[in-house]
Amino acid sequence: MYEWNEAIQKMICWIEDRLTDNPSLQEMSAQIGYSPYYCSVKFHEVVGMTIRNYIAGRRLAQATLEIRDTNERILDIAVKYGYSSQEALTRAFASAYGCTPAAYRRDPVPVALSNRQVVFFPEHYVNRGGPTMNRTLLTEAHVRVEHIPEHKYVGIWDKTAGDYCSFFGRHDCDAVCGTIDSMSHVSHPIVTCHTAGWFYDNGTKGYFYGFGVPADYDGAIPDGFEIRAVPASDYLVFFHPPFDYLKDCGEVMKRVEELAWNYDPSTKGYEWNEEACHDYQRHYPEVIGYEVLRPVKRKR
């Protein structure tokens, strides 16, 4: 039932590795063993856009980041990402973002970058009868102490959302994540882009999503986002090391969150500090694993 999600995800990975080349439909179809026509039809069905439009969006996004983060000539960046001229890149750039590449380089305002698509999820892996979890790769959740200095957080706070899925059931994932990606150059070194979490409002627990910035940040705030100051605090970090996202994500998150929401901080000489700070969530399965951070202060 989900074999096409997996096949299209493989195609997406193949495209992402070749954005500076000229990937052809014939070559891509050979990677997954179906005809070019059928691949084109199913890609549109699963992803919601044509292969041509997907590649164009991702090339423009990568070109935008290079315009922002490097000193390469705009002409060279245009050619690198398949544009026939600097003017062709400028037309695409202005159409997407309302400004020229040169103006953006001088003042990199928030824009909604086209995201790398994810269409194959852990539940697909399980539901299609794939191999069971390899328990030897899993460990119990652990806890450590981490200090996060004073900073600010730019994000969307949703009182009615309780987690990632419910949050993005109410917000446009591509627009939100693409805008956050465009702000990576100003993000905090610890509270980085796509760090999410939970907050409390009069006893009600909500979910937020965005990125941290230094405490002295006074730059642009994307439309629909707000900025809040967060004081310095120690955090108890409940974590599981890197794991296989498709096979083990559900079990890892369950183990970490069960420990996080039932932990007694007094065993380490702390008490919760959630009236001043909020809980953070880091989810980078293949890099750091999964972490839930809860703010604490020393017991009196």
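Strand S6 (residues 233–240) is largely enclosed by the rest of the structure, because seven of its eight residues are buried. Buried means under 20% relative accessible area, exposed means over 50%, and partly exposed lies in between (1.4 Å probe, protein chains only). Strands (E, at least two residues) and helices (H or I, at least four) are DSSP runs, numbered from the N terminus. This is a predicted model: local features need pLDDT of at least 70, side-chain atom pairs count only at pLDDT 80 or more, and totals for chains, interfaces and linings use all residues. Residues are numbered from 1 along each chain as its sequence is written, and side-chain values use heavy atoms, with hydrogens and water left out.

S6 pairs with strand S1 (residues 142–148) in the antiparallel sense, over seven bridges. Two strands pair if DSSP finds at least two bridges between them. Ile148 has Ser233 of S6 as its bridge partner. S6 is also joined to strand S9 (residues 289–298) by seven bridges, and these two strands run antiparallel. Here Val237 has Leu293 of S9 as its bridge partner.

## Arg294 in strand S9

Arg294 sits in strand S9. Its relative accessible area is 8%, so Arg294 is buried. The side chain of Arg294 makes a polar contact of 3.0 Å with the side chain of Glu274. A polar contact is a pair of N or O atoms within 3.5 Å; within protein, one must be able to donate a hydrogen and the other to accept it, and residues adjacent in sequence count only if both atoms are side-chain atoms. A polar atom of the Arg294 side chain also lies 2.8 Å from the backbone oxygen of Ala260.

Leaving out residues up to four places away in sequence, Arg294 touches Asp234, Tyr235, Leu236, Phe238, Ala260, Trp261, Trp272, Glu274 and Asp279. Contact means heavy atoms within 4.5 Å.

## Strand S2 and its two neighbours

Strand S2 (residues 151–158) is mostly covered, with seven of its eight residues buried. S2 pairs with strand S4 (residues 204–214) in the antiparallel sense over eight bridges. Trp157 stands opposite Phe208 in S4.

S2 also pairs with strand S5 (residues 226–230), again antiparallel, over five bridges. Lys152 stands opposite Ala229 in S5.

## Helix H10 and Thr179

What covers helix H10? The cover over its buried residues includes S2, helix H9 (164–168) and S4. Those buried residues include Val176, Cys177, Gly178, Thr179 and Ile180. At the start of H10, a side-chain oxygen of Asp172 reaches to within 3.1 Å of the backbone nitrogen of Asp174.

Thr179 is found in H10 (residues 173–181). Its relative accessible area is 12%, so Thr179 is buried. The Thr179 side chain reaches the backbone oxygen of Ala175 at 2.8 Å. Not counting residues up to four places away in sequence, Thr179 touches Pro110, Val111, Ala112, Leu113, Pro222 and Phe225.

## Asp201 in strand S3

Is Asp201 buried or partly exposed? With a relative accessible area of 24%, Asp201 is partly exposed. Asp201 lies in strand S3 (residues 195–201). The side chains of Asp201 and Lys159 are joined by a polar contact of 2.8 Å. Asp201 and Asn262 are 61 residues apart along the chain, and their C-alpha atoms are separated by 20 Å.

Two packed helices are described by the angle between their axes and the distance between the axes. The axes of helix H1 (residues 3–16) and helix H2 (residues 25–32) come within 10 Å and cross at roughly 130°. That makes H1 oblique to H2. Axes are lines fitted to C-alpha atoms, for helices over the stretch in contact, and angles run from 0 to 180 degrees between N-to-C directions. Angles under 35 degrees count as roughly parallel, over 145 as roughly antiparallel, 65 to 115 as roughly perpendicular and the rest as oblique. H1 passes H2 in a right-handed crossing. A crossing is right-handed if the near helix is turned clockwise from the far one by less than a right angle, and left-handed if anticlockwise.

The axes of H2 and helix H3 (residues 36–47) come within 9 Å and cross at roughly 85°. H2 and H3 are therefore roughly perpendicular to each other. Leu25, Gln26, Ser29 and Ile32 of H2 meet Pro36, Cys39 and Ser40 of H3.
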